[in-house]
Amino acid sequence: GDDDGPPLEGTEWALASGVDVPEDADPPTLLLEEGNASGFGGCNTFTGGYELDGDSISIGPLAGTLMACDLQKMAVEGAYMPALEAADAWSIDGNELVLSSGGEETLRFSSS
């Protein structure tokens, strides 16, 4: 129906919660498409693989460009990237993507 929300794959997801992002900083993003995960980690862009099995997901290993940023942005990336790689399940909640690890919500994204 109309309440299915955006598809997991092919949607550009922007982080809504799970990592504290400074107000003046761009939020991390995630794009999942045909087995390739990519996005903006808070400082660098990254790419890697992912696998889906029903509502289970496995992301990574992820590799990022090695640009230095200010400490706040590097802290965002330092929290975001491991959380992505630790995610083991996904769900769509309205217009949002929820990633969880061990049954606990870890990252929440909004669709742009």
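Analyst: A term to begin with: helices (H or I, at least four residues) and strands (E, at least two) are DSSP runs, numbered from the N terminus. Two strands pair if DSSP finds at least two bridges between them. The model is predicted, so local features need pLDDT of at least 70 and side-chain atom pairs pLDDT 80 or more, while totals for chains, interfaces and linings use all residues. Residues are numbered from 1 along each chain as its sequence is written, and side-chain values use heavy atoms, without hydrogens and water.

User: OK. Which residue in β7 is the bridge partner of tryptophan 90?

Analyst: Leucine 99. Strands β6 (residues 89–93) and β7 (residues 96–101) are antiparallel, with five bridges. Their hairpin has two residues between the strands, and glycine 94 there has a positive phi near 65 degrees.

User: Where is glutamate 34 found?

Analyst: In the loop between β2 (29–33) and β3 (36–40). Glutamate 34 has a positive phi too, near 50 degrees, though the residue is not glycine. Most residues other than glycine have a negative phi.

User: Is glutamate 34 buried or exposed?

Analyst: Exposed, because its relative accessibility is 80%. The cut-offs for relative accessible area are under 20% for buried and over 50% for exposed, with partly exposed in between (1.4 Å probe, protein chains only).

User: New topic. How many disulfides are there?

Analyst: One, where a disulfide means a pair of cysteine sulfur atoms within 2.5 Å. Cysteine 43 and cysteine 69 form it, with their sulfur atoms 2.0 Å apart.

User: And which of these counts as buried?

Analyst: Cysteine 43, at 5% relative accessibility. Cysteine 69 is partly exposed at 21%.
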